[in-house]
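Have a look at the fold before reading on.

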Amino acid sequence: MSVIKIEDIAHVRFAAPDLAKMQSFLTDFGLQSDINEDGRLYARGSDGIPFNHVTETGDPGFVALGLRAESVEDLEKLAQAENAAVESLDAPGGGKVVRLRDPDGFLVEIVAGQGKSANGQLPADASRNSAESKDRLRQAVRLEPGPSHVQRLGHCVLNVSDFRASERWYKERFGFITSDEIEARAGTAIGAFMRCDRGDEPTDHHTLFLAQLPQKRGFMHAAFEVANMDDLMLGHQHLKSRKHHASWGVGRHVLGSQIFDYWTDPWGHELEHWTDGDLFTAADGSNMATASDLLAVQWGMPSPILSGKLAPSPETLGFFMAMHARLKAFFGRGSRKSVEG
Ligand SMILES: [Fe+2]
């Protein structure tokens, strides 16, 4: 039993030396933003949450992961268990926050009681005609060019130094459930996609992905849900026309099934657009998966690591070569199996 159950990811916090440059990128990415009187840049989607991306002035880097608790009472329970303080959240929307450090020293800000405004408008998903079913009749498709319409922040990926230690830390405090655990070979876990425990309420396939990959420990990416597939593709076109850096996409993931598109901000932090992801309830359990499942696409651009577009470090190359050999042996022995979350 965990101390509390978080209901969703709340925000990601960064530092960057030029807030106007970050704001220009985030506008092209499809977030609305303002530089507040506290000197921080707060960006938001259309879901009425006051912010989901914060930038403060400083050397570029990832600063904190924000998670949202169900209530201020839960924050108090967490603070007591952790011998931490419940502080006022001095940011748009107000509310309360408990600040903790995870086993790698990453700052985790658990928030509750934030004010919420009404949901903004999202472009409607047009009816589609397929070979078997003609739903759009006597009506043309006409799309408005421009940035994607980001609704919300959906997940964050952190590369940690000890997956099991971090998994325990996050599960014990926040009640995460493993959706897919990734094994490099039988018995050797290198990470897990974890979802919130919302009981019977379906929730994203993952809110947090903890990975233990050979690259540097730290932030890997944060992912934002956009209106629909046309909206994602229009956003891709817009970011490309604005000469931002595309890092992977468009494609459809295997684990989580999302249609994805990854870009980097001006300082190299990776942000993902996604749509049409899997939703599961607490009863849907957990699965084992392979590193091939992690990197493979069902269609679209292969992972830059596999397609040679990104030169892997010698450590990464060695790791994947060893893993490839192990996967062959693994598949030779049998198939996937289920595990407890
Ligand atoms: Fe992602």
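Which residues of α2 are buried? They are Leu75, Leu78 and Ala79, where buried means 20 or more other C-beta atoms within 10 Å of the residue's own, exposed means 12 or fewer, and C-beta atoms are placed from the backbone. The three cover an arc of only 100° around the axis, which puts them on the same side of α2; that arc is taken over the directions from the helix axis to the C-beta atoms. An α-helix has 3.6 residues a turn, so residues three or four places apart point the same way.

This is a predicted model: local features need pLDDT of at least 70, side-chain atom pairs count only at pLDDT 80 or more, and totals for chains, interfaces and linings use all residues. Numbering starts from 1 along each chain as its sequence is written.

| Face of α2 | Residues |
|---|---|
| buried | Leu75, Leu78, Ala79 |
| turned away, exposed | Glu73, Gln80 |

The buried residues of α2 pack against β5, β7, β8 and α3 (163–174), with contact meaning C-beta atoms within 7 Å.

β6 pairs with β7 (residues 96–101) in the antiparallel sense over 2 bridges, and Glu87 has Val97 as its bridge partner in β7.

Conventions. Two strands pair if DSSP finds at least two bridges between them. Helices (H or I, at least four residues) and strands (E, at least two) are DSSP runs, numbered from the N terminus. Two residues are in contact if their C-beta atoms, placed from the backbone, lie within 7 Å.
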